[in-house]
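Hi,

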Amino acid sequence: MSFGEKLKELRTKANMSQEQLAKELGITRRSIVYYETARRYPKKREILTGISKIFGVAIDYLVSDREDFIVAAGERYGASGAKDASQLVAEIGGLFAGGSLNDEDKDKVFKAITDLYFESKEINKKYSNK
Amino acid sequence: MMNCEQIYKIANQLTKRYGTSNPFELCTRMGVNVRYADLGALKGMYKYVKRNYFIVISNKLSRRTQYLVCCHELCHHILHRDASKNAMLWDNMLFDKSTGIEQEANMLAAEILMSDEEVCQLAKDGKSAGEIASILETSVDFVKLKAYCMKMRGYDFKGDFAVNPNFLSGKI
């Protein structure tokens, strides 16, 4: 299940409306709609923390490490960061299609590549003229 | 797929231009970032991320093996830079043996790591591929590949320099 699907499931099981959940988290109902329809990930990790507290689940449960990476990139670098990260995750998914790595190794390689992403952004920052 | 003459030429131009055959130095000079990480069973990888080139080498290998892996990945940078930027295509190409890109990278690496002269001399001295590998601090597979390339370019080797076909099709 994706993050959005899990969120919807948790929310409906708790008999909570999107409006109520949004209010508790201090965000708009539209954001909840976007999360549940997989249109967007939370902009800040603290929203994930909020959700995990409300429903009593671990953040690990809510988001896969891939999704967590997208949220982290988004928090650090905004919408374009989240977009880059999503793209990278899609690429990495393709990378494993060859199937010669076991799951544990895939996670290690994934981590190595996400580290490259963050490092790359820092390297580029040094050379930007902002 | 490139032929041995073309690959030899590239190796020569490279070492001449940068004055070194040390892959780590070449990476620095060519602007490729080298990093180390736990990659599980994977020995190394080459990736372009947000306008920066990276080679990631497994931190579980001996320093000498890391040297060889660095050279192999650098050869992908030299030969296959553009192909590597299309991530989906790249990984399929690596796995699809008929594209020959792993073989090309290995051949170029062999040509960079060893000179014709030193291999010739050692072979004349009667050293086996294994002994040459030991002396030149490389792998037997690379020595055999180097010998194969030299044969294609007209050298005459006798005896035990048959190349292991598995080595040609896989990563080192």
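This is a predicted model: local features need pLDDT of at least 70, side-chain atom pairs count only at pLDDT 80 or more; totals for chains, interfaces and linings use all residues.

A:E122 is partly exposed, with 30% relative accessible area. Its side chain meets that of A:K125 in a salt bridge, 3.7 Å from N to O. Both residues sit in helix α7 of chain A, which covers residues 103–127, and they are 3 residues apart, or about one turn of the helix.

Salt bridges come up a lot here: the count over all chains is 20. Two of those in chain B are worth a look.

B:R64 is in helix α3 of chain B (residues 63–85), while B:E137 is in the loop between α7 (129–136) and α8 (140–152) of that chain, so the bridge ties together parts that are 73 residues apart in sequence. Neither end is hidden away: B:R64 is partly exposed at 30% relative accessibility, and B:E137 is partly exposed at 45%.

The second pair is B:E111 with B:K146, and here the N to O distance is 2.5 Å. B:E111 belongs to helix α5 (residues 101–113) of chain B and B:K146 to helix α8 of chain B, so this pair ties together parts that are 35 residues apart in sequence.

Now for chain A as a whole. How many helices and strands does it have? The tally is 7 helices and 0 strands, so reading from the N terminus you get α-α-α-α-α-α-α. The C-alpha trace spans about 45 × 45 × 20 Å along its principal axes. Of the 130 residues in chain A, 45% are buried. If you take the contacts in chain A between residues at least 6 apart in sequence, 55% of them join residues at least 24 apart. The chain exposes about 7400 Å², and carbon and sulfur atoms supply 48% of that area.

Which of its residues are buried? They are A:S31, A:I32, A:Y34, A:Y35 and A:E36. What do they pack against? The buried residues of α3 in chain A pack against α1 (3–13), α2 (18–25) and α4 of chain A.

Just after that helix, A:A38 takes a positive phi of about 60°, and this residue is not a glycine. A:A38 lies in the loop between α3 and α4 of chain A. With a relative accessible area of 63%, A:A38 is exposed, because the cut-off for that is over 50%.

The loop between α3 (29–36) and α4 (45–55) of chain A also holds A:K44. A:K44 is partly exposed, at 43% relative accessible area. On the surface, A:K44 gathers with A:R30, A:R39, A:R40 and A:K43 in a patch of positive charge.

Chain B has a positive phi to check too. B:K50, another residue that is not a glycine, has a phi of about 45°. You will find B:K50 in the loop between β2 (44–49) and β3 (52–58) of chain B. At 28% relative accessibility, B:K50 is partly exposed.

If you only have a few minutes, I would start with these:

Cheers

Notes. Residues are numbered from 1 along each chain as its sequence is written. Chains are lettered from A and ligands numbered from 1 in the order in which they are written. Side-chain values use heavy atoms; hydrogens and water are left out. Patches are made of residues with over 30% relative accessible area and no salt bridge: like charges are joined within 9 Å, nonpolar side chains (Val, Leu, Ile, Met, Phe, Trp, Tyr) within 5 Å. Accessible areas come from the Shrake-Rupley method with a 1.4 Å probe; for residues, only the protein chains shown count as cover. A salt bridge is a side-chain nitrogen of Lys or Arg within 4 Å of a carboxyl oxygen of Asp or Glu. Lys and Arg count as positive and Asp and Glu as negative; His and the chain ends are not counted. The place of a charge is taken as NZ of Lys, CZ of Arg, CG of Asp or CD of Glu. Helices (H or I, at least four residues) and strands (E, at least two) are DSSP runs, numbered from the N terminus. Buried means under 20% relative accessible area, exposed over 50%, partly exposed in between (1.4 Å probe, protein chains only). Contact means heavy atoms within 4.5 Å.
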